Amino acid sequence: MKKQRFWPILMIVLGAIYFLLPLYATFEFSLRERRGEYSFDSYANVLADSQFRDSFIYSVVLALATIVVSLLLIVPTAFWVHLKLPQLRPVMEFITLLPFVIPPIVLVFGLIRIYSRPPFVLVSSPALLVAGYVVLSFPYMYRSVDTGLRAIDVRSLTEAGQSLGAGWLTILFRVIFPNLRISLLNGAFLTFAIVLGEFTLATMLNWPAFGPYLALIGQNRAYEPAALAILSFGLTWICIGLIQLFSRGSREQTQLAGTR
Amino acid sequence: MSFLELENIRKSFGTSIAVELFNLQAEQGEFVSFLGSSGCGKTTTLRMIAGFEQPTAGEIKVGGQNITHQPPNKRQIGMVFQSYALFPNMTVGDNIGFGLKVAGKKAVEIKGRVDEMLRLVDLPAMGKRYPHQLSGGQQQRVALARAIAIEPRLLLLDEPLSALDAKIRVSLRNELRAIQRRLGITTIYVTHDQEEAMSLSDRIVVMSKGRIEQIGTPFEIYNYPATEFVASFVGTLNMLSAQVVNAAKGELILAGKTIFVPAPLNQPDGAKVTVALRPENLELGQGPEATHNTLSAKIVDVSFLGAVVRARLKLLDKTFAMDIFNSRNLALPEVGAETLVSFPKESALILAGTDA
């Protein structure tokens, strides 16, 4: 009946307009570099800028370092809590939600204060920035890993590994990590997206990352920021698309288990 | 000295006692089942042998060596889980070879052993498949192969067949027993299915509420149950109320009729007791006075089950079952008919009385 489908379709259209209109406006604006005609000049300017390339690569490297550290920290912790200390779960959830609650500016000032004097003078090392990013990635990483751990029967798999003579490291790296592949990829892509766009920590700690570059361009140019915004959007969509691509492969890998 | 010894094992979780006074000696190559309903402590005890739980008190010894506090990955014990617990990220072959790889064996040796195991569990072509591509029964066979591949001193199975359908369960359990016999591995098998326990085991440990009710061969458990729980848990058991007339002579009165059972009874005169009878001990017709007791009852139902004909009879207000072996010349009892049934005097089990 046409009448019954009217309202849902109207809702979809209104929602789409709400999200897509600003996007379209930004895109349209980014095409206006050349007077009088549409062109991709602003994009060409951005991509030709050596600062764009440098800061982008710098942030990518930071993101990869963050992902590795975060994985090595979160996965064994989540695994241990899941297996041996389930009563600590609420504590872990609280801690990993703190980055949502505490603004990054508070985090970075705290870091500067603590690590700008002996015994740990780390303010001049990019390791501090990575550490800050690891903290920011907590919610996403922990949630992904926790969900993944719940989906596989961690206890039985661990005990099976133990009964066959494996120690904790072997179990973690040969059994747990491989079966959490999808969750880890999820967390990794989210972390990647966050680090790439992150501004506060990079600026306050004075590192040439992509976030500060975006802000700088925004202050000085008119059309390039719009182009950059569209490019960032595209990058995020690619990340999400890759997550979808990889998780499709995993549907066949769910464990078939007996009752219990 | 037995191969596996559990001495005074006790396990409590906080204030609740899961297992206590558990004592068992199992010989090399023996197949022992832990039988009981959910929550009786059988799985907890198995997990203590495996090392996944620590006993609160008591000792576990394997081959004379005290392993009570040894970590599970050092015990050389193979375990098969109810949920199979196959590693989803590895092929069947890698699953089976996992224990050997961890032990640092050479690749050639591992391949040889994996092929041997695949042949043993009758899955020779499945080495490259992944667990999710196999059926439940096949997965369980892979789990078994994986546990045996490391040549364990002890094999532990935790209700391995309960997730499978009935037909596969029966064929797989026979295969399991055949393999176990061939390899001579001491095996502990946890189950709540008494038919499974009886058909597989050399000995059964019947458990209830954390304690051992009886340890014995299937024959002993079934025919000479030590406690009321064992008697009613294993097999079908008819329970008829009676009263002791003369304990010294073994005289009871049941539904107004005097019957005799082996004397002396350890219940006092006048006590209310339950006379428990297995369906196969009952026969149609009047039995010889010297050896049998005879009762009169009404047939309320007859079921032809193939090899066995099961008749249900009513005595006063209590129904009980009688099993007759099938034969082509058998005259099936008529429903509604009043008939005599008899049972050998020593086949009656006298249990403490319960309200009828």
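This is a predicted model: local features need pLDDT of at least 70, side-chain atom pairs count only at pLDDT 80 or more; totals for chains, interfaces and linings use all residues.

Me: What's its phi like, and where does B:Asn8 sit?

Reply: Phi of B:Asn8 is near 50°, which is positive in a residue other than glycine. B:Asn8 belongs to strand S1 of chain B.

Me: Which strands does the sheet around S1 have, and in what order?

Reply: It's an open sheet of four strands in chain B, ordered S2-S1-S4-S5, with antiparallel pairing. At the edges are strand S2 (16–26) and strand S5 (65–66) of chain B, each pairing on one side only.

Me: How many bridges join S1 to S4?

Reply: Five bridges link strand S1 (residues 4–13) with strand S4 (residues 57–62) in chain B, and the two run antiparallel. For B:Glu7, the bridge partner in S4(B) is B:Glu59.

Me: Back to positive phi. What about B:Leu316?

Reply: B:Leu316 has a positive phi of about 55° although it isn't a glycine. You'll find B:Leu316 in the loop between strand S17 (308–315) and strand S18 (318–325) of chain B. B:Leu316 is exposed, with 12 other C-beta atoms within 10 Å.

Me: OK, what's the order of the five-strand sheet in chain B?

Reply: That open sheet runs S13-S12-S11-S14-S20 in chain B, with antiparallel pairing. Strand S13 (257–260) and strand S20 (349–352) are at its edges with a single partner strand each, so one side of each has no neighbour in the sheet. On average, neighbouring strands of this sheet are turned by 45° against each other, direction ignored.

Me: Which residue stands opposite B:Val244?

Reply: B:Leu252 in S12(B) does. Strand S11 (residues 238–246) and strand S12 (residues 251–254) of chain B are joined by three bridges and run antiparallel.

Me: Switching to helices: how do H2 and H3 of chain B cross?

Reply: The axes of helix H2 (residues 92–102) and helix H3 (residues 107–120) of chain B come within 9 Å and cross at roughly 130°. H2(B) and H3(B) are therefore oblique to each other. The crossing of H2(B) past H3(B) is right-handed.

Me: Which residues meet there?

Reply: From H2(B) you have B:Gly93, B:Ile96, B:Gly97, B:Leu100 and B:Lys101, and they meet B:Ile110, B:Arg113, B:Val114 and B:Met117 in H3(B). The residues of that contact of H2(B) with H3(B) split into five nonpolar, two polar and two charged.

Me: How many residues does each chain put into the contact between A and B?

Reply: Chain B gives 25 residues and chain A gives 24 residues. On the side of chain B that touches chain A, the elements giving two or more residues are strand S6 (77–80) and H2 of chain B. That side of chain B has 16 nonpolar residues, nine polar and no charged.

Me: And chain A itself, what's it made of?

Reply: Chain A has 12 helices and zero strands. Its C-alpha trace spans about 75 × 70 × 30 Å along the principal axes. Of the 260 residues in chain A, 33% are buried. Among contacts in chain A between residues at least 6 apart in sequence, 79% join residues at least 24 apart.

Me: Which peptide bond there is cis?

Reply: The one from A:Pro118 to A:Pro119, with omega near 5°. A:Pro119 is in the loop between helix H5 (104–115) and helix H6 (126–151) of chain A.

Definitions and conventions
Residues are numbered from 1 along each chain as its sequence is written. Chains are lettered from A and ligands numbered from 1 in the order in which they are written. Two strands pair if DSSP finds at least two bridges between them. Axes are lines fitted to C-alpha atoms, for helices over the stretch in contact, and angles run from 0 to 180 degrees between N-to-C directions. Angles under 35 degrees count as roughly parallel, over 145 as roughly antiparallel, 65 to 115 as roughly perpendicular and the rest as oblique. A crossing is left-handed if the near helix is turned anticlockwise from the far one by less than a right angle, and right-handed if clockwise. Two residues are in contact if their C-beta atoms, placed from the backbone, lie within 7 Å. Ala, Val, Leu, Ile, Met, Phe, Trp, Tyr, Cys and Pro count as nonpolar, Asp, Glu, Lys and Arg as charged, and the others, Gly among them, as polar. A residue is buried if 20 or more other C-beta atoms lie within 10 Å of its own, exposed if 12 or fewer, and partly exposed in between; C-beta atoms are placed from the backbone.
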